[in-house]
Amino acid sequence: EERGRTAEAELEFSRHTTAVWDHPSIKGEPDAFLDALVAELARRPEPVHVLPLNEAALMLLARERSRLPANTSLAVPATETVVTCLDKQRCLNAAQAAGLSVPRWEVVGGYHELLAAAGRAAAPVVVKPLWPRSSLLNDRKAILCRDGSDLARQIPVWPTGHDRLLVQRLVEGQRHNLYFAARNGELLDVVEVLTVRT
């Protein structure tokens, strides 16, 4: 993990940490990071299990798993599964196809579409990039809009760097995250985390 980030930097002082590896930024220099990781793994004769802990590393390694040395196992699902889970539109489509209830949502490609979709969803709405590692105005992951004038105030122009955005009816309440392990479609274990504030 990158140094200089408080939570991750503390890991190097854990009694369970045997080594710390300084590397290029996953987000800023993904190609350099991957080259450095492949070189680091190739120096190790023993089997190595790699478990990505953030979305940037997860997506990069899932897409480039064929570049990892033979002694390396990547502890992530198939690339197609990773892409489906991280792309909000594909994830919502998969949830609907599975019969799950999802709040009204639309993907829009321009400012007038954004305003119209927010009106159809009925306030309050949340506006998000389709990919989790993307950000909106003022480096925000999502923008909560209580009504149409609030949306126009918070998002006065189409955010640069985005060809599409997700507009979704806001669902109030606590969020239940389920972290699970499965093998060949069989659930091995699950942990539920209740998120009371984000």
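The following dialogue explains the terms used for one predicted protein model.

Biologist: What kind of model is this, and how are residues numbered?

Modeller: The model is predicted, so local features need pLDDT of at least 70 and side-chain atom pairs count only at pLDDT 80 or more, whereas totals for chains, interfaces and linings use all residues. Residues are numbered from 1 along each chain as its sequence is written, and side-chain values use heavy atoms, with hydrogens and water left out.

Biologist: What makes a stretch of the chain a helix or a strand?

Modeller: Helices (H or I, at least four residues) and strands (E, at least two) are DSSP runs, numbered from the N terminus. On that basis the chain has 7 helices and 8 strands. Its C-alpha trace spans about 60 × 35 × 30 Å along the principal axes.

Biologist: Why is Q168 called buried?

Modeller: Buried means under 20% relative accessible area, exposed over 50%, and partly exposed in between (1.4 Å probe, protein chains only). Q168 has a relative accessible area of 8%, and is therefore buried. Q168 belongs to strand β6 (residues 165–169), where 4 of the 5 residues are buried. Across the chain of 198 residues, buried residues make up 32%.

Biologist: Which residues does Q168 contact, leaving aside its neighbours within four places in sequence?

Modeller: Contact means heavy atoms within 4.5 Å. With those neighbours set aside, Q168 is in contact with L92, P103, R104, W105, V125, V126 and K128. Two of these residues are also bridge partners of Q168: W105 and V126.

Biologist: What makes β3 and β5 the edge strands?

Modeller: The open sheet has 4 strands in the order β3-β6-β4-β5, with antiparallel pairing. β3 and β5 (143–145) each pair on one side only, and that places them at the edges. On average, neighbouring strands of this sheet are turned by 20 degrees against each other, direction ignored.

Biologist: Which helices pack against this sheet, and how are their directions described?

Modeller: Axes are lines fitted to C-alpha atoms, for helices over the stretch in contact, and angles run from 0 to 180 degrees between N-to-C directions. Helix α5 (residues 88–97) lies across β3, β4 and β6, at about 150 degrees to β3. Helix α6 (residues 111–121) touches β3, β4 and β6 as well, and makes about 175 degrees with β3.

Biologist: Why is the crossing of α3 and α4 called left-handed?

Modeller: A crossing is left-handed if the near helix is turned anticlockwise from the far one by less than a right angle, and right-handed if clockwise. α3 passes α4 in the left-handed way. Helix α3 (residues 55–63) and helix α4 (residues 79–86) pack at about 150 degrees, with axes 9 Å apart. In this contact, E55, L58, M59, A62 and R63 of α3 meet T79, V82, V83 and L86 of α4.

How values were computed:
Pairing = 2+ DSSP bridges.
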